[in-house]
Amino acid sequence: MDFQIALLLGQDGITNGAIYALLALALVLVFAVTRVIFIPQGEFVAYGALTLAMLQAGAVPATVWLLAGLGAVAAVLDGRGALQSGNAKKLPGIVGWNLAYPLALAGVLMALPVKELPLAVQVLLALAVVVPMGPYLYRVVYQPIAAAPVLILLIVSVAVHVGMVGLGLLFFGAEGQRTPAFSDARFEVGPLLVSGQTIWVIVASIALIAALYQFFERTLYGKALRATAINRVGAQLMGISPALAGKLTFVLAAFIGALSGVLIAPITTIYYDTGFLIGLKGFVAAIIGGLGSYPIAAIGAVLVGLLEAFSSFWASAYKEVIVFTLIIPVLLWRSLTSHHLEEEE
């Protein structure tokens with residue numbers, strides 16, 4: 001390995017690490033607020049990328065019908081709850097968000113010549129389809145069992161992951177897809193040739209992390225999520241709705257996943273099950289941060305990306321094994337240095 005190859009591998013590692021950092025932050029956030037180890041996080045990556053690919057092919061993405069189905073179930077659950085509590089006046093809002101939005105979005109996608117739209121509009125439409133799946137999924141699957149033990153929530157997450165992978169195969173088929181790059185520019189930095197899409201990935205990741213920092217530091221909803229992450233019971237006693245916190249957390253997680261998929265789709269071929277491995281590598285980074293530290297998780301994500309890149313050069317057949325083996329010393333170290341805490345009732 002010479003210096004130029006090391007630079008190329010380092011560039012790939014940092015690019016992948018930027019995506020893993022976003023997914024790790026989403027996993028840490030979801031676990032801190034809801035106690036859910038969100039294994040389906042990677043599926044939002046695949047759904048975001050493949051929904052955009054379907055739009056660029058001129059087809060109405062099948063994910064919009066999944067969105068409508070989740071919205072219908074959420075409307076039934078919320079509507080029944082509103083009627084039982086005597087808040088019938090909430091029914092128009094419940095129907096409007098849970099049913100009218102997905103159906104209106106499907107109508108817009110069928111009416112517009114989506115294949116001929118600018119790339120930025122196609123990206124926004126893909127996000128409009130995939131991101132609302134997050135709060136719908138929380139309402140339908142996780143909110144009814146929010147008080148369950150972490151192990152039960154983990155088992156449910158595995159079931160949701162399997163279901164979403166199966167639906168991905170049904171919606172998108174077994175063939176992989178790539179989307180056009182946001183930029184075809186090339187920049188020479190010494191002996192290194194940096195593509196415009198790589199810059200897009202890194203800059204977008206940094207901008208999103210900065211935006212999330214401002215959200216948590218400056219906004220009321222962000223502070224509410226921080227309070228819930230620190231002490232769920234205390235936050236509830238102060239009037240912060242656990243259901244609202246959960247839905248908002250899943251909105252952020254779905255947005256991060258879908259945007260990550262859109263960013264990497266021009267770099268690598270995305271299949272219906274690609275998100276699982278990507279999400280697992282984000283999970284490795286989150287484990288390095290102890291599922292509680294955002295900065296350490298981000299640093300761990302860059303480490304995972306670099307380790308993956310250099311492993312692909314030295315032992316490409318074992319690169320996945322090497323990356324996932326990183327969990328073992330981290331877990332061993334944490335088990336020796338941390339004290340056991342009883343699960344919060």
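Predicted model: local features only at pLDDT ≥ 70, side-chain atom pairs only at ≥ 80, totals over all residues.
Modeller: Residues are numbered from 1 along each chain as its sequence is written, and side-chain values use heavy atoms, with hydrogens and water left out.

Biologist: Okay, why is I152 called partly exposed?

Modeller: Buried means under 20% relative accessible area, exposed means over 50%, and partly exposed is in between (1.4 Å probe, protein chains only). I152 has 38% relative accessibility, so the label is partly exposed. You'll find I152 in helix α7, residues 150–172. Helices here are DSSP runs of H or I, at least four residues, numbered from the N terminus.

Biologist: What makes L151, I152 and I155 a nonpolar patch?

Modeller: Patch members need over 30% relative accessible area and no salt bridge; nonpolar side chains (Val, Leu, Ile, Met, Phe, Trp, Tyr) are joined within 5 Å, and like charges within 9 Å. These three form such a patch on the surface, with about 290 Å² of accessible area together. That area comes from the Shrake-Rupley method with a 1.4 Å probe, and for residues only the protein chains shown count as cover.

Biologist: F172 is in helix α7 too. How do you know whether F172 is buried or exposed?

Modeller: The relative accessible area of F172 is 11%, so F172 is buried. Contact means heavy atoms within 4.5 Å. Not counting residues up to four places away in sequence, F172 touches Y47, L50, T51, M54 and T63.

Biologist: What makes D78 and R139 a salt bridge?

Modeller: A salt bridge is a side-chain nitrogen of Lys or Arg within 4 Å of a carboxyl oxygen of Asp or Glu. For D78 and R139 the N to O distance is 2.5 Å, and their side chains meet in a salt bridge. The pair links distant parts of the chain, with D78 in helix α3 and R139 in helix α6, 61 residues apart. D78 counts as buried because its relative accessibility is 17%, and R139 counts as buried at 11%.

Biologist: How many salt bridges does that rule give?

Modeller: The count comes to two. E308 and K281 also meet in a salt bridge, 2.5 Å from N to O. That pair joins helix α13 to helix α12, 27 residues apart. E308 is buried at 7% relative accessibility, and K281 is buried at 5%.

Biologist: Last one: what makes the phi of R35 worth a look?

Modeller: Most residues other than glycine have a negative phi. The phi of R35 is near 70°, a positive value in a residue other than glycine. R35 sits in the loop between α1 and α2, and at 9% relative accessibility R35 counts as buried.

Definitions and conventions:
Helix = DSSP H or I, 4+ residues; strand = E, 2+ residues; numbered from the N terminus.
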